[in-house]
Amino acid sequence: MKHKLAILSLVLLVGLSFSLPAFAVVVFQVSSNVRSIRQEGTTEAVGTVVLAAITNGNIGAGSSIGLDYGTKLITTGTVTCSAAACVAPANFILTTDESVLMVTFVTTVAFQAGDTLIITGARIDANAFGVGTITADLSGKSPGLFPFTFSSTSVPVADVRPQATTVEINPTGPILTTIQSFSISVAENFSQALTSATDEAGLGPAPSGGTTVDSVVELTFSDVPVGVTISLVDFADSSSTLTPTTMFTDFTADSGSQTTVVDIAITATSTTANETLVVNFTASAPDAVIPPGLFLGSVTVTLAGGTAPDVPTFVDNTQGTVRVSGPTPSPLVIISGNGQIGTVGTELPQPLIVKVQDENGNPVAEETVTFAATRGGGVVSEASATTDAQGMAQTRATLGPEPGTHKFTATLNPRTVRTFFASARLIQIPPFPFTRVVPHIVAGDGFLTQIAIVNLAEEENPIQINILSQAGDIVRTETNTLQPSGRANVSTGEARRFAEVTTEWAIVGSELPVGVSVFFDVRLPGSETPGTAAGVSATKSLRTIRLPFAFAQAGQAQTAPLTLGLALSNLSGNPSVIDLDLLNVMGEVVVQDSFTLAPFGQSAFVLAERPAFDAFLRDQHLFFGSVAIKASEPISVIGVGSESGQFFAVPHFSQAVSCFLAPLFPPQPTIIPHIAEGGGWAAQISITNLCTGENPVRIEVFDQAGIPVESFLGSDTILLPRGTAVFSSPEGERFDAFPAGPRWARLTSNLPIGVQVLLDFKSASSEAPTSAVGASESPPSTHFALPVAFAPAATGQSAALTVGLALANVSDSTNEILLKLVDLLGRVVAEESSISLPPQGQAAVLVSNLPAFKAFLNSQPEFSGTLFVIASQPVSPFGVGFFGSAFAIPAFAIPNGGQ
């Protein structure tokens, strides 16, 4: 076959070891003045960190100590030092980079036992959840010094706790007069004082654009009956340490059940814990009489303080029911079914049950209770029901189509109505411990999508698949039980290929680990085979993501995607604000854009067609860089590139990496298992720096025999902060033979990187590529699974006709490879053990041509299953399918070697 595979891969860095002298630098005391804070937000805390060196040597110039809180530092603080050589604080430099406060030694300082280095006044944003980490890098280079060891510890500077409140409803006196008093008590049930704006400001200025406010208790009265008036009396019973204020005025419901809000600002005058706010109200009813059992409705209490713009609020809402009670029990009471949570358009799991009773609390039979859906567009199964011997009546309730709070009522008579509240969610996340997301499923206009779900466990594995629309509604739900090592397929179906275009997304939940692949192919009407295809792995949910990006004006004949399409899905029941930054190869932001994804919503678009990107790219002849995505809620992303009509996957990289700790704990080498050059193939490699520091990258390329060779990648490069480097094989060598054979590469970097491999094939008579394959780097492992399919060329279905497999041996030992072909039920149908890789060697094969597999596949009209790779040493795989054009086949590492 004309389409050969060549390989580039990255190998694990071998750790260095050496003996250490008997001295160390240790953290002997951490004083953080721990402050409990009620919420996430701009709530500052002052921490002190004390370090002592126990050594008979020196701390070298260039050594550093860092405090990483995983959040923004508002003030960097100051440094003092008791060592004799610390003649001035100028011996140290304080720097900050987003979340990291670093103290750098700029002179060689001799520390004696008991000497201290103290950092004070470091003020942080409380998003850290109060935990920071101290690290020390004392490896500065000076003549005659020995290596130092270091210790690290978690530093609690602010103790962020979720709000916990208790709401007590305290009616007083019998219901016999025109005015009935009642009080609401809001008490913190943990040992913490309310924090006022004055207290907040006393610890230092708020960050730019932020603000500090007094804590606020918000009381929301809902469903207040017609004619009932609520009046605020006083706060006399509150803790003496509180100064509450409110602008509340009397409220009278005059047009049906209404809602009113009471905001009470609180100033704390001391730090006494467990304060209690008691708000006294009165209620008056029409005709100078309060009917027995009158409900004033529910009250929601929200306690918040210290908020700032663009910072999420973290509060718990505690709901209680305010009722003016008396000696006569209510004739109608809710027994069960209130407060349920369900999916829009579905029946609530529990029935709505009420009880009718007399004035002594005894059940009353043969009474008629009517039920109705009053908010949310829901329905009830029984509009009326007669009470049984226990006084019970019930109905089933189905939620309406809109998310939010839905209401259902039970009515005994016009004055006796009870309300059931229910919360309607757009979707129900599959109730399984493992979740994978398919952010984009497209059908119509020639497109077809297939999802392959591979069981990575050797046990039966229940799965559930929720298919959702772009608006976040469940289109359908599928359940299955995968056999050990088995597989399931989900397809949009050939019947939808040329229908109107629909876009969906999916959540796959499983009891045990699974691998999920997504395949897209498109064909023109009348064609027997797709014109282009793309394959990509399903994704996890993230908040910060980077993707390589390239753009060329139409007609440019280089290996670069002309456009980059993005599909994003929101895995949260809250709107997710998406910020997009386009960065050039220097790491500079050249375009900014933002939009909002609806709860559980999805969006798919071509980046170059967004107005902000188009305005910049229209003036660019050729552009390389990356796209940084930041979301306020977890999202999943799929990226697709297009080169002269050929689709290919664009991998994305998580930025949830510890850039600061990388110098102490270097990232593992990045492996590119396959580089194709010659015979019509060309390669392009993009390397993206995921951190804000300068990042040297060492590049090693090996041939199939494991011998280092030269390549277009060179030997090393230096990535600028957040920058990107792009390497392309010479176009003039595209049609050479394969003099060096397939190759692979290992990239070793100081900081985390993301790598994309783009291979394209062009015939000698073609002006544009007829195949393009995009894939990310491949972390090494000993056990992998790849979904595969085989079909004769004439069948014209969406299946990989052949599977190309490239394996790079990242070890220094000979690597014996066992390949198992497994059907959908998990049964082994063929085994092949003819592949042996030399140390740091590589092989590229067509799976369907391996003797054992060829004998089996030639006897099958078609086959769909899984290829399991079992290696004696760690390898990195690279899978390619071919159906009209080549596309990547993701490989999934099997946890614990499949055990």
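Mentor: Two strands count as paired if DSSP finds at least two bridges between them. Strand 52, residues 681-689, and strand 57, residues 753-761, run antiparallel and are joined by nine bridges. One of the pairs can be named: isoleucine 685 has valine 757 as its bridge partner in strand 57.

These two strands belong to an open sheet of four strands, whose order is 55-52-57-58, with antiparallel pairing. Strand 55 (724-728) and strand 58 (771-776) are the edges; each has a single partner strand, so one side of each is left without a neighbour in the sheet. From one strand to the next, the twist averages 15°.

Strand 27, residues 352-356, is joined to strand 31 by four bridges, and the two run antiparallel. Within that pair, the bridge partner of leucine 352 is threonine 395 in strand 31.

Next comes a hairpin. Strand 48, residues 622-643, pairs with strand 49 in the antiparallel sense over five bridges. Glycine 639 has valine 650 in strand 49 as its bridge partner. Two residues lie between the strands of this hairpin, and serine 644 takes a positive phi near 50° there. Strand 49 covers residues 646-650 and is mostly covered, with four of its five residues buried.

Leaving aside neighbours within four places in sequence, alanine 631 is in contact with Arg543, Ser576, Val577 and Ile578. The C-alpha atom of alanine 631 is separated by 6.5 Å from that of threonine 544, although the two residues are 87 residues apart along the chain.

Glutamate 633 is also found in strand 48. Glutamate 633 is buried yet has no salt bridge. The nearest side chain of opposite charge is that of arginine 543, 4.3 Å away, and a salt bridge needs a side-chain nitrogen of Lys or Arg within 4 Å of a carboxyl oxygen. Not counting residues up to four places away in sequence, glutamate 633 touches Leu542, Arg543, Asn570, Ser572, Asn574, Pro575 and Ser576.

A word on confidence remains. The protein chain averages a pLDDT of 74, and 65% of the residues score at least 70. Over residues 1-47, pLDDT stays under 50, and the model has 220 contacts beyond four places in sequence for them. Residues 304-319 also stay under 50, with 55 such contacts in the model. Where pLDDT is low, the predicted coordinates should not be read in detail.

How values were computed: Residues numbered from 1 in each chain as written. Predicted model: local features only at pLDDT ≥ 70, side-chain atom pairs only at ≥ 80, totals over all residues. Heavy atoms only, no water. Axes fitted to C-alpha atoms, helices over the stretch in contact; angles between N-to-C directions. pLDDT = per-residue confidence, 0-100. Contact = heavy atoms within 4.5 Å. Buried < 20%, exposed > 50% of the residue type's maximum accessible area, 1.4 Å probe, protein only. Lys, Arg positive; Asp, Glu negative; His and termini not counted.
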